[in-house]
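My notes follow in the order in which I looked.

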Amino acid sequence: MANVTRRQLEGMAEMKATFEALGTEVSTKIGVKANRDAAKAFRDHLAETAPHDAIESKANERYGTLRENIKVGRRKAQKQGHIIHIISIGRAFWGFFQEFGTAKMAARPWMRPAIEAWNSLLIDLQLQGLRSGIEAAAKRLARASRRKG
């Protein structure tokens with residue numbers, strides 16, 4: 001069972017207008033980079049805080065460690081204008097056991113607390129990436145128009 005966290009920002013009319021002015025290709029690249037950079041920062045945090053103990057030592061010969069298996073991937077969005085990056089634990093199936101527990105082992109959550117702690121920080125990272133990407137694209141477009149005109 002996959003746990004999915006989704007966030008939606010309201011009141012982004014100005015940013016949407018700016019993206020439309022930049023064009024679909026440029027704005028998509030900016031959005032993808034901002035989203036990917038935030039996902040990578042969160043992946044790095046998860047890798048630092050992921051548990052490592054006796055359970056992992058038995059499995060890491062074959063599957064690697066939990067920390068090594070935390071990866072960022074991109075998924076195709078069902079709706080136009082949406083960008084989806086997934087952070088997964090890959091082949092480290094025992095990460096689910098630690099997160100949710102088993103019949104014989106109590107849960108020791110490590111991912112859910114990290115998501116809760118990083119919730120607003122991830123949004124801030126994405127917004128910073130969008131702002132810097134928009135500013136850089138606007139400067140490039142201004143330089144290109146000066147050269148033409």
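I began with Trp94, which is buried with a relative accessible area of 1%; here buried means under 20% relative accessible area, exposed over 50% and partly exposed in between, with a 1.4 Å probe and protein chains only. I note that this is a predicted model, in which local features need pLDDT of at least 70 and side-chain atom pairs count only at pLDDT 80 or more, while totals for chains, interfaces and linings use all residues. Residues are numbered from 1 along each chain as its sequence is written, and side-chain values use heavy atoms, with hydrogens and water left out.

**Overall layout.** I then read off the secondary structure and found 6 helices and 2 strands in the protein chain, in the order α-α-α-α-β-β-α-α along the sequence. These are DSSP runs numbered from the N terminus, with helices as H or I of at least four residues and strands as E of at least two. Of the 149 residues in the protein chain, 26% are buried. Taking contact as heavy atoms within 4.5 Å, I looked at contacts between residues at least 6 apart in sequence, and 58% of these join residues at least 24 apart.

**Aromatic rings.** How many aromatic pairs does a search of the whole structure find? It finds 5, where rings of Phe, Tyr and Trp (its six-membered ring) pair if their centres lie within 6.5 Å, and planes under 30 degrees apart count as stacked, over 60 as edge-to-face and the rest as tilted. Tyr63 and Phe93 form an edge-to-face pair, because their ring centres are 5.3 Å apart and their planes stand at 90°. Tyr63 belongs to helix α3 (residues 54–63) and Phe93 to the loop between β2 (84–88) and α5 (94–100), so this pair ties together parts that are 30 residues apart in sequence. Both residues are partly exposed, Tyr63 with a relative accessible area of 25% and Phe93 with one of 37%. Tyr63 also pairs with Trp94, and that pair is tilted, at 6.3 Å centre to centre and 50° between the planes. Since Tyr63 is in helix α3 and Trp94 in helix α5, the pair ties together parts that are 31 residues apart in sequence. I recorded Tyr63, Phe93, Trp94 and Phe97 as one aromatic cluster.

**Nonpolar cores.** I next asked which residues make up the largest nonpolar core, meaning a set of buried Ala, Val, Leu, Ile, Met, Phe, Trp, Tyr and Cys residues joined through side-chain atoms within 4.5 Å. It has 12 residues, namely Phe42, Leu46, Ala50, Leu66, Ile70, Ile89, Ala92, Trp94, Trp110, Met111, Ala114 and Trp118. The elements that give two or more residues to this core are α2 (24–49) and α6 (111–148), and α6 gives the most, with 3 residues. Another core of 7 residues lies apart from it, with Ile30, Ala34, Leu130 and Ala137 among them. Leaving out residues up to four places away in sequence, I listed the contacts of Ile70 as Arg43, Leu46, Ala47, Ala50, Ile87, Ser88, Ile89 and Trp110.

I turned to the second largest pocket, whose volume is about 150 Å³. On a 1 Å grid over the protein atoms alone, a pocket is an open set of points where a 1.4 Å probe fits, with protein on both sides within 12 Å along at least five of seven lines, and lining residues have an atom within 4 Å of a point. Grid points are joined across faces, edges and corners, and a volume is the space filled by probe spheres set on the points. The lining includes Lys29, Ile30, Lys33, Ala34, Asp37, Ala137 and Arg140, and the elements that give two or more residues to it are α2 and α6.

**Single residues.** Asn35 lies in helix α2 and counts as buried at 13% relative accessibility; beyond residues up to four places away in sequence, Asn35 touches Ile83, Ile84, His85 and Gln126. Thr24 lies in helix α2 but counts as exposed at 59% relative accessibility.
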